[in-house]
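Let's take a walk through a protein together.

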Amino acid sequence: MRFADRIRPLQFNVFAEMDRAKAAAIAAGLEIIDLSLGSVDLPTPEPVLEAIAASLGDSSTHGYQLFRNTQAFRQAVAARYMATFGVPVDPETEVLALIGSQEGTAHLPLAILNPGDVALLQDPGYPSHYGGVYLAGGEPYPMALRAEKGFLPDFDEIPPEVAARSRLMVLNYPHNPTTATANVAFFERALAFCDRHDLVLVHDFAYDGMVFEGGEQPSIFQVDRDKRRSIEFFTLSKAFNMGGFRIGYAIGNRELIQVLRQIKAVVDFNQYAGVLRGAIAALTGPQDSRHERLAIFQERRDAFIQAMAAIGWAVPTPKATMFVWAKLPEPWTTRSVDFCTQLVAATGVAVAPGFGFGPSGEGYVRFALVQDPTGLQVAVDRIARFLQTSGRSQ
Ligand SMILES: Cc1ncc(COP(=O)(O)O)c(C=O)c1O
C-alpha cells in the first residue's frame with residue numbers, strides 16, 4: 001500500500017522507543033515505576049463522577065451532541081474564565097468544547113495553514129503541536145528554549161524570511177516539559193511580534209492552575225484583551241484529573257473559534273453529554289480539590305528535589321506543572337534517549353527523554369511526579385544505583 005507523505009514526519013517518535021524499552025523491562029520481570037507520562041494518578045473529584053454516573057441512566061444524553069447541546073458547558077467555561085481572569089467571554093461565539101485540548105491544538109493548523117506555511121513552535125515543545133502542523137502540510141520552525149533565557153523564545157532570533165512565511169505561533173506556559181512560566185510582559189512581546197507579522201497566536205494553557213507559590217500564570221487575553229488574534233486552549237485533564245474522559249475547551253477570537261468549529265464539524269460530534277455534565281460540575285462546583293491536588297504536587301516536588309539533591313543530582317525547583325526538568329549528568333549529557341532506555345532496562349524506572357520534545361531538549365530528562373513521595377524515593381534510589389554502575393554518579 002502507499003501512504004500519504006504527511007505520515008512520514010509522524011513516524012519518528014522516541015516515545016515509541018521508550019514504550020518498547022518499558023515493555024521489555026516488564027517482560028524481564030522488573031517492577032516498573034513509570035514517571036514518563038504526564039497522566040495524573042489521583043482520582044477524579046466525586047461530584048464530577050456523580051454527574052457522569054447520573055447521566056448514564058438518562059437517555060437524553062445518549063445521542064449525538066450538536067454545538068447547541070454544549071451550551072451549558074460553554075456558559076460554565078465563560079463564567080469560570082471571567083471569575084479567574086476578569087475578561088468577559090461570549091459563550092456563543094468565543095468558546096468551543098473540545099475532546100481534550102490536544103484535539104483542538106492538533107486540528108487548528110488545518111484551519112490556518114496552507115501547505116508550506118510556517119508555524120513557530122517551541123523546542124522543546126509538546127509533540128502534538130508539531131504533529132498538527134505536519135497534518136496540515138505546514139512547516140514547523142522550532143524556537144529554541146534555553147535555560148539561560150528562562151526557557152522563553154527569543155523572537156529576535158527568528159529570521160525575517162521565516163517570519164514572513166509564518167502564519168501561526170504556538171506558546172505553552174506553564175511549559176511542558178521545562179516547567180517554565182511566562183509573565184504578562186513576555187506575552188506582550190509575543191503579541192507585538194504576532195501583530196507585526198500578522199500571525200495567529202495560540203496559547204496552550206494545559207497547566208492553568210498548576211502553579212506553586214511565586215509562579216505566574218497569565219492568560220493570553222489579559223494581553224490580547226479584545227481577542228484580536230489569539231486562541232487559548234484549556235483542559236480538565238490536569239486540573240480535575242479527567243484525562244481519560246477527554247474534555248477540554250478553547251476560548252478565543254470569534255473567527256478562530258468559527259474556523260476550528262468548521263474543521264471539527266467534519267471530524268466529530270462533540271464529547272458525550274454525561275462528560276460535559278461532569279465538566280460543568282467541575283468548573284462550577286467547589287474548587288477545594290484543585291487546591292488539595294496542588295498541595296499534593298508541591299509535596300511530591302519538594303520530596304523529589306530533596307531526594308535528588310541527596311544523591312548529588314541537583315535540579316532547580318519548578319514553579320509550576322507536575323514535572324521536573326533535569327539536566328543529565330556525565331556521561332549522559334548528549335544521550336537522553338540512551339539514558340532513558342538503559343535506565344528502564346536496568347531499574348524499571350521510566351522517564352521521558354528530553355530529545356523526544358525536540359533537539360533543544362537534548363541533555364535533559366523529564367520526570368512526571370505521578371507517584372507519592374515514597375514511590376518517588378524508591379525511584380531516586382534506583383536511579384542512584386544506576387548512575388553508580390553506569391559510569392559515575394555525577
Ligand atoms: C502542553 C499540553 N497540551 C495538551 C495536553 C493534552 O491535554 P488533553 O488531555 O486535554 O488533550 C498536554 C498533556 O500532557 C500537555 O502537556
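Which residues lie nearest the centre of the largest pocket? They are L37, G38, Q102, Y126 and K238, and they belong to a lining of 38 residues. Before going on, know that this is a predicted model, in which local features need pLDDT of at least 70 and side-chain atom pairs count only at pLDDT 80 or more, while totals for chains, interfaces and linings use all residues. Residues are numbered from 1 along each chain as its sequence is written, and side-chain values use heavy atoms, with hydrogens and water left out.

What counts as a pocket here? On a 1 Å grid over the protein atoms alone, it is an open set of points where a 1.4 Å probe fits, with protein on both sides within 12 Å along at least five of seven lines; lining residues have an atom within 4 Å of a point. The largest pocket holds about 940 Å³ of space, a volume being the space filled by probe spheres set on the points. Its lining has 14 nonpolar, 18 polar and six charged residues; Asp, Glu, Lys and Arg count as charged, and Gly is among the polar ones.

α2 (14-27), α5 (101-112), α6 (127-135) and α9 (236-239) each supply at least two residues of the lining, and α6 gives the largest share, five residues.

Where does the pocket sit? The chain is divided into domain 1 (5-43 + 288-389) and domain 2 (46-284), with bounds from an automatic or database domain assignment. Both domains give residues to the lining, so the largest pocket lies between them. Their centres, taken over C-alpha atoms, are 25 Å apart. The contact between them takes 30 residues from domain 1 and 33 residues from domain 2, where contact means heavy atoms within 4.5 Å.

Next, look for the sheet. Seven strands form an open sheet with mixed pairing, in the order β2-β8-β7-β6-β5-β3-β4; two strands pair if DSSP finds at least two bridges between them. At the edges are β2 (95-98) and β4 (139-144), each pairing on one side only. β2 runs antiparallel to β8 (residues 248-252), joined by four bridges, and L96 has A250 in β8 as its bridge partner.

Finally, α6 comes back: this helix packs on the sheet, touching β3 (118-123), β4, β5 (166-171) and β6 (200-204).

How values were computed. Axes are lines fitted to C-alpha atoms, for helices over the stretch in contact, and angles run from 0 to 180 degrees between N-to-C directions.
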